[in-house]
Amino acid sequence: MRHLIHYIIPLALAITLSLILTFNNLSPKPLPPFSCNTPSTASLPFCDAHLPIERRARDLVGRLTLDEKIGQLVNKAAAIPRLGIPYYEWWSEALHGVAMAAGVENGFSFNGTIRAATSFPQVILTAATFDAHLWYKIAKATGEEGRAIYNAGEATGMTVWSPNINIFRDPRWGRGQETPGEDPLVASTYAVAFVRGLQGDAFEGGRDGRLQLSACCKHLTAYDLDHWKGLHRFTFNAQVTKQDMADTFQPPFRSCIEEGRASGIMCAYNLLNGVPSCAHRHLLTNTARQQWGFQGYIVSDCDAVSLIHQKQNYTDSHGDAVAAVLRAGMDLNCGSYLAEHTKSAVADGKVSESDIDRALHNLFSVRMRLGLFDGDPQKQIYGDLGRNHVCSPDHQQLALEAARDGIVLLKNSHNLLPLSKTHTRALAVIGPNADDAKTLVGNYAGPPCNAITPLQGLKRYVRKTVFHGGCDHDAAVGIARSADYVVLVMGLNQEHESEEMDREDLVLPPEQEGLIKTVAAAARNPVVLVLICGGAVDVSFARDDPKIGGILWGGYPGEGGGRAVAEIIFGDHNPGGRLLVTWYPQEFTKTPMSDMRMRPDHKSGYIGRTYRFYKGEKLFEFGYGLSYSNYIYKFASVTQIELNFKTSSYDDIKTHQKLGFVAVSEIVLDSCKKARFSAIVSVENEGSMAGKHPVLLFLRRNQIQTRTDNPIKQLVGFRTVRLEGNERGNVEFEVDPCMQFASADESGVMVIELGRHFLIVGDQEFSITINV
């Protein structure tokens, strides 16, 4: 019997294992949806990966019926069973990590075995690092996670509608948190880095391979008002001058296309000078495609096409609205409007099938670049990306690094910070944002891998940490009095600033301001104030209060944000972030948000916007940020101190000298190349702590010589440098004056002022003269 058992047990185990393997074979892991997976279609030209994509797309479109074509014009692109083409969802989100669209089923739903993705800081904080390489790495990691989720069979799309590169023109805009700030150069650089990283290109560009994911730059253009004092983005008519279009609103989109090679663009809800953005042929076709060379698809913001007739009253009928967007160059409708009204528009002769074919050619070309018509994606170039690439330790560490480097130290009276780890025995943490993980991620966020709140982060440093949400002022005061130090974690959340919700003021909620003042007055030592918010807030009361010794701006710092805040407060990280927007006083709210002008108007008293044009009072300037170190700058070398531009004729020279400026388009190309120069800045860390420090290079024109509508100053370059305590290093800027010294005249022509200019870094200036 004993011998029989000796044989029976292994046999039973073998049978069990066989059954498990058989069951697994019968229930294979889900494959991602893709085309060209059947014998009947594999031999067709559109499935031949060796043919040019243009030919493949043309072949596929030519095989479709009108009804099948119309089914592809909306984000929920219908399956075409007879050709083996599955359903495809165009709408996916990846603003600062793979995400969901709130309340809407999209390409990434997190309802399978993958329930989370790395949640990087909201864009406004990531951009405050002024580190383009970091931006690229975050986008690349996001692209890897998105492709990995798709490969796991848990996504129905890989076309993400990110990045948001609209200029953060007004601090009241609820979606400003999604953007890289108010400066066109920063937004342009961010756009290029993000698109290249997400799509699988090299940091320097130049790869011409398959798309890892497809990026979509939005919202074209001059979109920065959602819902403010009765004005709504669905019907707002943005009145923008040619001058502001040329040197503020359009540069990020141009860079996104020309340098980033984005495969998607989203047209905005608003009208631009009376024309709906998605029906604006000059914007979509003449500018984006013909001037900038865009090759990709153009999608409407969601339900924007339906507004053209129903709310904007731009057309007389549904069919006219369909015709307007297709003829303008839009390819895809987020929503169902084109599915409902295109066939009747064709029957009425308002839309030609050739307009539909053009749109479908652009759409299928992008899906082919994603490899969705080349067989099983798991066996292609990105096929090795799987579940282990989602929420990987490297990606979570990258999220923490971005939060650390983006957080901005706004105030540090008498070097209150960092707090001592050995002498802080009792800590009070007070405020509504101290222990709310949801607030940390901002909007357009997916479920984070492992969120750490500021309270959790601070508890790692001080065992005796007491928390109070702040609702009961008396209780908060009692806790504050018993602690060595108090950290107040305040700010805003998506109930104050978000999509569909702009602010009407720039102050903190009144109950927060009262709590801060009360606790600060009662505390033993000056308190630390941490602000979690996207847009600027008027905290002049805190800036000027000696009982508030330190102020940190943390943006919406993502899943690692609480740890990063604590590390900075207790000195395990040296803060180096710098503000992406001007922080205005509450008085600024007298300026209507609907006034799109960037430049001031002295006759009417209009004060202008952003650091480039605004001359009013500021709480904190663009680029402001303190550190635990003191950094000293010096211009080590500048390879040219006088630039001599050549124009097309002698008569032009005399005209330019009289006017005081020259159009960039009139400068001989070789002259622009010869004008490029290198500026090397020596940076010394005078402190004892190591730090990562952004170095910002500005241009200021001689105020006596310049036109009155020129920028006060403008950013021409930025780089980061890591220095140990008491270490010195050099930062080199490659400057292209034809690109970086130009601003627009009233007609929208980019021009360069003649005469004396000054390069500025910190408190150092270097003079450069420009002649023709």
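This is a predicted model: local features need pLDDT of at least 70, side-chain atom pairs count only at pLDDT 80 or more; totals for chains, interfaces and linings use all residues.
1. Axes here are lines fitted to C-alpha atoms, for helices over the stretch in contact, with angles running from 0 to 180 degrees between N-to-C directions. Helices (H or I, at least four residues) and strands (E, at least two) are DSSP runs, numbered from the N terminus. With that in hand, look at helix α7 (residues 184-199) and helix α9 (residues 251-258): their axes come within 8 Å and cross at roughly 25°.

2. Residues are numbered from 1 along each chain as its sequence is written, and side-chain values use heavy atoms, with hydrogens and water left out.

3. On to the rings: the whole structure holds 25 aromatic pairs. Rings of Phe, Tyr and Trp (its six-membered ring) pair if their centres lie within 6.5 Å; planes under 30 degrees apart are stacked, over 60 edge-to-face, the rest tilted. Phe364 and Phe373 are edge-to-face, because their planes stand at 85°, with the centres 6.0 Å apart. Phe364 is buried, at 1% relative accessible area, and Phe373 is buried at 0%. Buried means under 20%, exposed over 50%, and partly exposed in between (1.4 Å probe, protein chains only).

4. Phe635 and Phe766 make a tilted pair, 5.7 Å centre to centre with 50° between the planes. Phe635 lies in strand β17 (residues 631-638) and Phe766 in strand β27 (residues 764-771), so the pair ties together parts 131 residues apart in sequence. Phe635 is buried at 12%, whereas Phe766 is partly exposed at 22%.

5. Ring pairs also link a cluster that includes Trp135, Tyr190 and Phe698. The charged end of Lys713 sits over the ring of Phe698, 4.2 Å from its centre. Lys218 likewise lies over the face of Tyr444, at 5.0 Å from the ring centre. The criterion is NZ of Lys or CZ of Arg within 6 Å of the ring centre and within 35 degrees of the ring normal.

6. Finally, a sheet to check: three strands form an open, antiparallel sheet in the order β19-β25-β24. β19 (661-663) and β24 (743-744) are the edges, each with a single partner strand, so one side of each lacks a neighbour in the sheet. Strands pair if DSSP finds at least two bridges between them; β19 and β25 (residues 750-753) have three. Phe661 has Glu753 of β25 as its bridge partner.
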